[in-house]
Amino acid sequence: MTDRPALLIRNARILLPDGDFLQGDVWIEGDQIRQVAPEISPDTIGPIAREIDATGLTLLPGAIDPQVHFREPGLEHKEDLRTASHACAKGGVTSFLEMPNTKPLTTTQATLQDKLDRAASKCVVNYGFFIGATADQLPDLITANPVCGIKIFMGSMHGPLLVDEEPILDQIFAMGQQPGQTGYGRLIAVHAENQDRIRQRREQFAGITDPAIHSQIQDNQAALEATQLALKLARKHRRRLHILHMSTGDEANLMRQDKPEWVTCEVTPQHLLLDVSAYETIGTFAQMNPPLRSPEDCAILWQALLDGVIDFIATDHAPHTLEEKAQPYPNSPSGMPGVQTSLPLMLTQAAAGRCTVAQVARWMSTNVAKGFGIPNKGAIAPGLDADLVLVDLDNYRPVLREEMLSKCGWSPFEGWNLTGWPVYTIVGGQVAYENGQVNESVRGRALRFEPTV
């Protein structure tokens, strides 16, 4: 708590932790929610910094994006922590977990601390960082703090962060583990693609410049084989495992058949909403790792998400400049931005009847907080952190390139007509975004992480 005057949100349609809605008010004191009620009298609060009339708006817990690449340090021409956090705020994302493939790589306490210091000085939303595994198994992999987990690139990577040999992976899964303790030890998150298969198929299809070949080079089998290996090692060591950006129906079916309780997995909006036909319309701008799949894969992923087989949604926000993406395949880099559009994309699916608003909040906030052990976040209730977003579910607006705050300045969903755009984003009780404007004076905080199993 702070001595900052209270913030009072009035007349909102509030999503409660049980999935029901309450038409009412929320009293925020300092950085926490103090009260949620049908009506809160200002006379009972004391000094009020401001009131927000939320008539016609829906109040949701702020989204937590558990997989982003914000490019700082070393690749700031694509993105930096300031521009990325602005895009988060405009998209209703109040916290993010960022990946280690920057320059230098985030593999030590020193490089982690550098990112934390940079984020503290410029991020308008909350932040957390992964530490990257290497074949050298640097000691900071287990001791560096605070980190949300260990990131292993089993494929689709080159250089020191590529760890694709089973004996080395086995050693990393065993690090910091205590015998007989299920899920003990620092969470391991894997990019699951079989790099050997990718190498072989890259040679097989060499010379083809149609970007659609990308989905054949890094095919379903490459993803399935790596996911099977990760599950094997997680079972052997009873290690807390998270499968990043699951892209295939094969993997979802595998998880449906046998998913240990200490394993979670995620899917991106693009793997739910885009398929291989996107190469025909947006070319290399549809290129990402793991690649887009068939409509059948999309349908299986959707059902797995609805059934709880897939636990939450991440964007894998991976921006590249327009000039970089416009290069002919295979010189074009893989990746696409996503933090500004992910919540409206999913709320538009709720409006279309494919899911509910409560499910979207669970996939994009509640389950992420639980899965990564982030305390006091992921729901709207007294005592929890005031990381909130007020969205407009009554109006539709198109995705426009000129409105993207990411430095890369484009979106694969350009022209899509979406609802659920944020009107206000509140971070730690402060209004970080309001009606098109980011409040640059707001600063997020470093996230804390607690054991999850």
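Modeller: One term comes first: a crossing is left-handed if the near helix is turned anticlockwise from the far one by less than a right angle, and right-handed if clockwise. This is a predicted model, in which local features need pLDDT of at least 70 and side-chain atom pairs count only at pLDDT 80 or more, while totals for chains, interfaces and linings use all residues. Residues are numbered from 1 along each chain as its sequence is written, and side-chain values use heavy atoms, leaving out hydrogens and water.

Biologist: Which hand does the crossing of helix 8 and helix 11 have?

Modeller: It is left-handed where helix 8 passes helix 11. Helices are DSSP runs of H or I with at least four residues, strands are runs of E with at least two, and both are numbered from the N terminus.

Biologist: At what angle do those two, helix 8 and helix 11, pack?

Modeller: The angle is about 30°, and the axes of helix 8 (residues 249-257) and helix 11 (residues 295-307) are 8 Å apart. Axes are lines fitted to C-alpha atoms over the stretch in contact, with angles from 0 to 180 degrees between N-to-C directions. Because of that angle, helix 8 is roughly parallel to helix 11 (under 35 degrees).

Biologist: Which residues of helix 8 and helix 11 meet?

Modeller: From helix 8 there are G249, D250, A252, N253 and R256. Their partners in helix 11 are D297, I300, L301, Q303, A304 and D307. Contact means heavy atoms within 4.5 Å.

Biologist: How do the residues of that contact between helix 8 and helix 11 divide?

Modeller: Four are nonpolar, three are polar and four are charged. Here Ala, Val, Leu, Ile, Met, Phe, Trp, Tyr, Cys and Pro count as nonpolar, Asp, Glu, Lys and Arg as charged, and the others, Gly among them, as polar.

Biologist: Let us stay with helix 8. How far apart are the axes of helix 7 and helix 8?

Modeller: Those axes lie 8 Å apart, and helix 7 (residues 220-237) packs against helix 8 at an angle of about 30°. That angle makes helix 7 roughly parallel to helix 8.

Biologist: And what meets what between helix 7 and helix 8?

Modeller: Helix 7 brings N220, A223, L224, T227, Q228 and L231.

Biologist: On to another pair. Are helix 13 and helix 14 roughly parallel or roughly antiparallel?

Modeller: The axes of helix 13 (residues 342-351) and helix 14 (residues 357-371) come within 9 Å and cross at roughly 150°. Helix 13 is therefore roughly antiparallel to helix 14 (over 145 degrees).

Biologist: Is the crossing of helix 13 and helix 14 left-handed or right-handed?

Modeller: That crossing is right-handed. On the helix 13 side the contact involves S342, L343, M346, L347 and A350. V357, V360, W363 and M364 come from helix 14.

Biologist: How many charged residues does the contact of helix 13 with helix 14 have?

Modeller: There are no charged residues in it; eight are nonpolar and one is polar.

Biologist: A change of topic: the backbone. Which residues does the cis peptide bond with P73 join?

Modeller: It joins E72 and P73, and omega is about 10°. P73 sits in the loop between strand 6 (63-68) and helix 1 (81-91).

Biologist: What about R71: what is its phi value?

Modeller: Phi of R71 is near 75°, which is positive although the residue is not glycine. R71 also lies in the loop between strand 6 and helix 1.

Biologist: And what is the peptide bond from Y329 to P330, cis or trans?

Modeller: That bond is cis, with omega near 10°. The loop that holds P330 runs between helix 12 (322-325) and helix 13.

Note on methods:
Angles under 35 degrees count as roughly parallel, over 145 as roughly antiparallel, 65 to 115 as roughly perpendicular and the rest as oblique.
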